[in-house]
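Please open the model in your viewer and keep the selection panel at hand. The tour below goes from one selection to the next and says what is found at each stop.

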Amino acid sequence: MSKTTMFLSSRQIILLILGLSIGGGNLLLPGRVARVFGTGGWILVLAAGLIFIFAAWICACLGRIFPGETVVEFSRRLLGRPLGFLTGLVVVLFFLLYIPVEIRILQELVNISILRRAPSWFVSSTFFLVLAYATATDFETLAQVNEVLIEITLIVGLMVTLFGWRFFDPSHLQPVFSVEEMNLAKFWEEAGMILGFTGYPLLLLVFPFVRRHRSLPRAAVFAVTLVVLTYAFFTITTLGVFGWNEVAGQAWPGLELAKAVNFEVVILERLDMILIVSWLGAIFTTCFLAYHFAVSGLSRLFNLRSHSPLVWGLAPVIYYLSTILTNYFAWNKWLSYLSVLAVFVGVVLPVFLLFVAGLRRWLGSSGDTGED
Amino acid sequence: MKKRRGFRQPKPVSRTRGQGKTGQGAGQVARTCAREKGMSPAQENAGLSPDLQENVEYLKEKIGRSDDVVFREYTLELPDPVAIVVVFVDGLASKEIINEYILQSLTFKGELKSEWTRDKKNLVRHIKDKVLNINEVRVLSSLDELITPILSGEAAILFDGYEEALVCNTRGWAYRSIDEPETEAVIRGPRVGFTETLRFNTAQVRRWIRDPDLRVKVVRVGRRTKSDVALVYLESVANPQVVEEVERRLGKIDIDGVMESSILQEMIEDRKLSLFPTIQSTERADRVVAAVLEGKVGIITDNTPFALIVPVTFWEFYYAAEDYYHRWPMAFLLRLVRFSSFFFSLYLPSLYVALSFYNPELIPFPLAVQLAGSREGVPFPLFLEVLLMELAIEIIREASARLPGPLGQTIGIVGGFILGDAAVRAGLISPLTTVVVALTAICSFTSPNFGVAISIRILRFPLVIVALVGGLYGLALATFALLVYTAGIRSFGVPFLSPFVPLQPEDIKDSLGRVPFWAMLNRPRSYKPLDTKRQKTKARHWWERLLGR
């Protein structure tokens with residue numbers, strides 16, 4: 001009776017993109033943009049967002065051209081076997097390398113807030129165990145769990161942000177442009193923020209599961225727009241509450257905001273715990289989605305049948321990678337490199353693939369244009 | 001003819017032992033359900049021989065070696081006397097029917113003689129059609145086909161010189177009358193529950209739903225018990241895939257006996273090792289009726305008052321029948337109370353441990369002081385205290401459940417009240433722990449379904465240990481794992497956590513709360529019914545009422 005094939009509705013796709021985008025990095029985001037762009041950080045968020053919205057649209061358009069295929073298959077047809085294989089591998093690698101750093105962020109978040117003095121191996125290994133268990137189940141369940149968790153996270157996050165407006169001071173946002181010139185070295189340090197936007201590359205791997213490819217671009221654009229607007233709102237609030245100077249000095253501006261807006265309720269003394277716990281959920285969704293897409297991409301790449309043995313097979317590798325990133329500098333550097341990969345997978349690759357597809361169709365005669 | 005015979009004597013009768021008038025009522029109502037199916041064709045079909053003695057020998061060989069099988073020899077007063085044998089099981093067949101409607105009818109029938117002189121060959125048919133005034137009589141010509149009806153309380157009449165036998169419905173055994181189920185009592189609502197007789201139960205459902213689409217399909221399960229299991233559903237509403245799946249799974253069962261519907265429940269569940277029940281069981285006829293109206297399938301098993309309902313979602317275990325009989329504000333409140341107590345019964349002890357172990361800063365200061373003060377002098381660490389108390393509660397609960405009525409209450413008072421008070425006074429446990437554990441126990445009693453309450457109880461212990469090891473973080477992780485686990489469960493293809501996971505906005509109207517009936521236009525979509533409309537006319541929204549439109 002269990003369905004063998006599942007189809008994703010537009011709503012689920014939007015929530016999948018949100019689930020992969022919103023993760024641990026978001027609590028750091030205001031600090032990053034403040035360091036790079038000062039008071040006008042939220043403009044940076046919007047501007048970067050526009051690029052990614054466009055890229056998401058292109059990604060979704062690929063889905064309209066190649067319904068029923070993932071990037072692993074259609075890149076092979078477009079670029080030939082070796083190059084296509086490589087493309088698939090890069091996409092898989094992007095998802096795969098995303099997980100260790102998210103685990104590290106989670107571990108740090110847990111260690112500074114709800115479970116102090118707990119050994120880091122304990123936090124990361126228990127989380128990883130639950131993560132692998134979750135990923136080993138079927139995609140349908142994952143998509144459904146993602147829905148709940150990300151909705152809760154969004155609601156809690158928005159509530160915290162809205163409460164923050166009690167302390168909002170518009171003068172903190174002036175002057176709008178406070179930075180003389182973009183410091184590229186600094187930007188490189190903070191490049192990890194890009195990963196907050198690049199949840200949409202998962203589209204490249206879900207085309208076969210989409211019911212209506214027509215509405216795919218709209219869903220993708222909507223999802224990324226929602227992400228961008230949420231981030232911008234969050235950044236404006238944080239900057240407005242603390243002022244950019246203070247935000248730039250904070251490691252976890254998101255947490256600071258939650259602590260600042262805190263008001264005592266009868267049962268719990270500190271409300272920021274609710275944000276942290278719900279953010280654990282957000283990190284959890286990011287991780288299991290990344291893990292799932294890495295594994296499903298790999299199994300498509302090598303034509304494997306079931307993916308759950310692969311989940312457990314990859315587990316030691318991912319866990320080992322996460323142990324390398326021992327401190328903030330290590331994982332921040334990892335994030336920077338990963339964001340290069342993200343830009344490649346999320347922006348360069350879709351544009352390039354679309355270009356090649358267009359070129360092939362324009363040349364026409366070969367017949368193998370992917371339109372089937 | 002048989003279908004028209006209904007539930008004729010609805011007068012409530014208290015427990016009857018023996019073969020009173022009421023026993024006869026049971027016989028009339030409890031018809032042979034498996035008649036349509038007959039015996040399984042796999043069995044050899046020994047035909048009846050014209051020699052009565054041979055037939056009787058055969059039956060005696062098969063079933064006659066038990067002392068409760070009666071072979072009544074008799075002679076028909078005809079010009080050429082015909083020997084007959086009536087075979088029935090003492091206690092299952094109603095003696096009254098056999099005496100009055102079989103033996104007496106056969107004795108004083110003058111026209112039998114004339115008929116016999118006219119057409120000897122058709123004597124058996126003639127007796128069936130014109131002599132026996134019994135509601136159900138069948139003509140059978142195979143010896144083996146006779147055995148199951150005899151063992152289910154029917155009487156077989158064998159005739160010397162004829163290759164046909166008559167099987168008469170004489171079922172009439174001691175049965176329990178319909179009364180209110182103790183486990184699912186309501187303040188407002190029908191006070192009827194199922195009984196152990198299948199036919200009463202299906203008749204109860206029919207009394208509610210007078211729809212030609214109501215199907216009662218009987219399947220026989222159990223190699224030795226040959227229990228009748230009835231699927232009850234509305235053909236134009238229920239999802240045919242679910243019906244088909246239920247039939248398929250029931251058909252796959254190969255077990256010697258079905259004692260109770262719980263055996264079926266365990267055999268046909270989607271996940272055999274699932275921690276949560278994925279099939280609902282109920283004693284209330286109205287619950288089955290409501291479920292059937294929603295497009296679900298009721299499974300009623302003979303010899304047990306507990307019917308099964310499939311498919312089911314997790315939240316439904318927290319719905320009570322009463323939620324639909326009270327006015328909606330009350331029902332809404334009751335649901336909210338029940339679901340919050342579900343949350344407490346699952347998380348309260350572990351949250352208590354996690355907060356006081358790792359994050360005392362989260363507890364408001366006055367409360368924290370109180371907590372620290374109350375724990376002074378307590379010799380056990382907190383988690384041990386909680387675990388021990390939980391264990392004690394479980395033991396008290398089990399002890400009071402096992403002891404007969406009034407004694408059980410005594411155990412509850414001694415265990416809960418005196419022991420708890422003494423333990424606190426002696427300084428063995430802190431008062432706050434007692435409060436937490438007692439509150440948890442009370443919360444867990446609000447669950448209308450026993451099965452899911454047990455699952456939550458089982459989960460509570462690992463959660464306390466997780467909270468001890470990982471604090472709030474551990475609890476969050478455990479919750480994620482639990483979420484993934486439960487979201488993956490299907491009950492006959494329906495996601496276990498729907499309508500929340502996946503989201504079915506329409507169905508949320510009747511979930512954590514219940515909106516008024518006029519607002520529930522559609523049947524729950526989670527079950528994918530064929531006919532989704534519950535109300536054809538569009539009910540007015542509150543804003544329309546407000547605007548007076």
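How does the lining of the second largest pocket divide by class into nonpolar, polar and charged residues? It has 13 nonpolar, 13 polar and eleven charged residues, where Ala, Val, Leu, Ile, Met, Phe, Trp, Tyr, Cys and Pro count as nonpolar, Asp, Glu, Lys and Arg as charged, and the others, Gly among them, as polar.

Before selecting anything, note that this is a predicted model, in which local features need pLDDT of at least 70 and side-chain atom pairs count only at pLDDT 80 or more, while totals for chains, interfaces and linings use all residues. Residues are numbered from 1 along each chain as its sequence is written, chains are lettered from A and ligands numbered from 1 in the order in which they are written, and side-chain values use heavy atoms, with hydrogens and water left out.

**Stop 1: the second largest pocket**

Select N449(B), F450(B), G451(B), A453(B) and I454(B), which lie nearest the centre of the second largest pocket among the 37 residues that line it. A pocket is here an open set of points on a 1 Å grid over the protein atoms alone, with protein on both sides within 12 Å along at least five of seven lines, whereas a cavity is a set of points where a 1.4 Å probe fits but cannot get out; lining residues have an atom within 4 Å of a point. The volume of this pocket is about 1,200 Å³, a volume being the space filled by probe spheres set on the points, which are joined across faces, edges and corners. Next colour α9 (261–268), β8 (280–282), α13 (382–402) and α16 of chain B, the elements that give two or more residues to the lining of this second largest pocket; α16(B) gives the most, with seven residues. These elements are DSSP runs numbered from the N terminus, helices being H or I of at least four residues and strands E of at least two.

**Stop 2: the largest pocket**

Now select V277(A), F343(B), Y347(B), L351(B) and T479(B), which lie nearest the centre of the largest pocket. About 2,200 Å³ of space lies in this pocket, and its lining of 49 residues divides into 43 nonpolar, five polar and one charged. Elements of chain A and of chain B contribute to the lining: α7 and α13 of chain A, together with α11 (328–357), α12 (365–374), α15 (431–444) and α16 (450–488) of chain B, each supply at least two residues. The element that gives the most is α11(B), with ten residues.

**Stop 3: the interface of chain A and chain B**

Show both chains and select the residues in contact (heavy atoms within 4.5 Å): 35 residues of chain A meet 33 residues of chain B. The two chains bury about 2,800 Å² between them, 72% of it on carbon and sulfur atoms, where buried area is the accessible area (1.4 Å probe) that two parts lose on being put together, summed over both. Then zoom in on E140(A) and R490(B), which form a salt bridge with their closest N and O atoms 3.7 Å apart; the term requires a side-chain nitrogen of Lys or Arg within 4 Å of a carboxyl oxygen of Asp or Glu. The count between chain A and chain B is one salt bridge. On the side of chain A that touches chain B, α5, α6 (120–136), α7 and α13 of chain A each supply at least two residues, and α7(A) gives the most, with eight. By class, that side has 22 nonpolar, six polar and seven charged residues.

**Stop 4: a salt bridge within chain A**

Over all chains the count comes to 39 salt bridges. Select R11(A) and E151(A), a salt-bridged pair whose closest N and O atoms are 3.4 Å apart. The pair links distant parts of the chain, with R11(A) in helix α1 (residues 10–21) and E151(A) in helix α7 of chain A, 140 residues apart.

**Stop 5: the cavities**

The structure holds four cavities of 30 Å³ or more. For the largest cavity, with about 170 Å³ of space, select G157(A), T161(A), T230(A), F234(A) and W279(A), the closest to its centre of the 16 residues that line it. The largest share of this lining, six residues, comes from α7(A), and the lining divides into ten nonpolar, six polar and no charged residues.
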